[in-house]
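Have a look at the sequence and the model first, then read on.

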Amino acid sequence: PASLPGAVRNAVANDCDSDVRLTLGTSPADAAVRTKAEADARATADAAARAKAEADAKAAADARRQSAMNCQDAMRTVAREGVIIFRRASAEIDPQSFPTLDKLAGVAAKCPDVAINVEGHTDSDGTPERNRSLSDRRARSVADYLARAGIPAARLHPVGYGETRAIVPNDTAEIGRAHV
């Protein structure tokens, strides 16, 4: 009893029932080290989770980018191998273009997350303003065709370039101009 704290010793000396429980704990310094180690472990786990989430997001973005590039390549191949022509000085698509447009719609349908820029062009006949307007209407005609073929219009972004971005030289009727 002499080794017990004063209040407990006095209670024992007075024939009182007493219950002493001693709990061995860590010192405040040990608790601080444990708390810091736990915080460091949480921070490391959080950093690892963030790094994994960033890597996953980058991988997903890379996959989307690669998919878009594959779709773009496939569409360019179809367009290059086919023909898209219009009636002279018109935005009316010539029927011989329909097979190419149908193939383009098929490729576009396999790429549901890809936005499609539909470019319209003209030859160098006429004024730049008229050619720009005509190329806008031609791009819109192709976009409308693709929309009727099932491609959501929201994915189609028609833009006309007039004669400013010629796909092939179009200086003469024999070189680069197709008229129907």
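Are Cys71 and Cys111 buried or exposed? Both Cys71 and Cys111 are buried, where buried means under 20% relative accessible area, exposed over 50%, and partly exposed in between (1.4 Å probe, protein chains only).

A quick word on what you're looking at. This is a predicted model, so local features need pLDDT of at least 70 and side-chain atom pairs count only at pLDDT 80 or more, while totals for chains, interfaces and linings use all residues. Residues are numbered from 1 along each chain as its sequence is written, and side-chain values use heavy atoms, leaving out hydrogens and water.

The protein chain has a mean pLDDT of 83, with 73% of its residues at 70 or more. Helices (H or I, at least four residues) and strands (E, at least two) are DSSP runs, numbered from the N terminus.

Back to the cysteines. A search of the whole structure turns up one disulfide, meaning a pair of cysteine sulfur atoms within 2.5 Å. In Cys71 and Cys111 the sulfur atoms are 1.7 Å apart. The pair ties together distant parts of the chain, 40 residues apart: Cys71 sits in helix H2 (residues 28-81), and Cys111 in the loop between helix H3 (98-109) and strand E1 (116-120). Why is this disulfide left-handed? Because the torsion about the S-S bond of Cys71 and Cys111 is about -100°.

Next, the rings. Phe, Tyr and Trp (its six-membered ring) pair if their centres lie within 6.5 Å; planes under 30 degrees apart count as stacked, over 60 as edge-to-face and the rest as tilted. The count comes to one aromatic pair. Phe98 and Tyr145 are stacked, 5.3 Å centre to centre with 25° between the planes. Phe98 belongs to helix H3 and Tyr145 to helix H4 (residues 128-148), 47 residues apart.

| Residue | Relative accessible area | Class |
|---|---|---|
| Phe98 | 31% | partly exposed |
| Tyr145 | 13% | buried |
| Pro95 | 41% | partly exposed |

Pro95 lies in the loop between H2 and H3.

Finally, Val118. Leaving aside neighbours within four places in sequence, Val118 is in contact (heavy atoms within 4.5 Å) with several residues, including Val142, Leu146 and Leu156.

Methods. pLDDT = per-residue confidence, 0-100.
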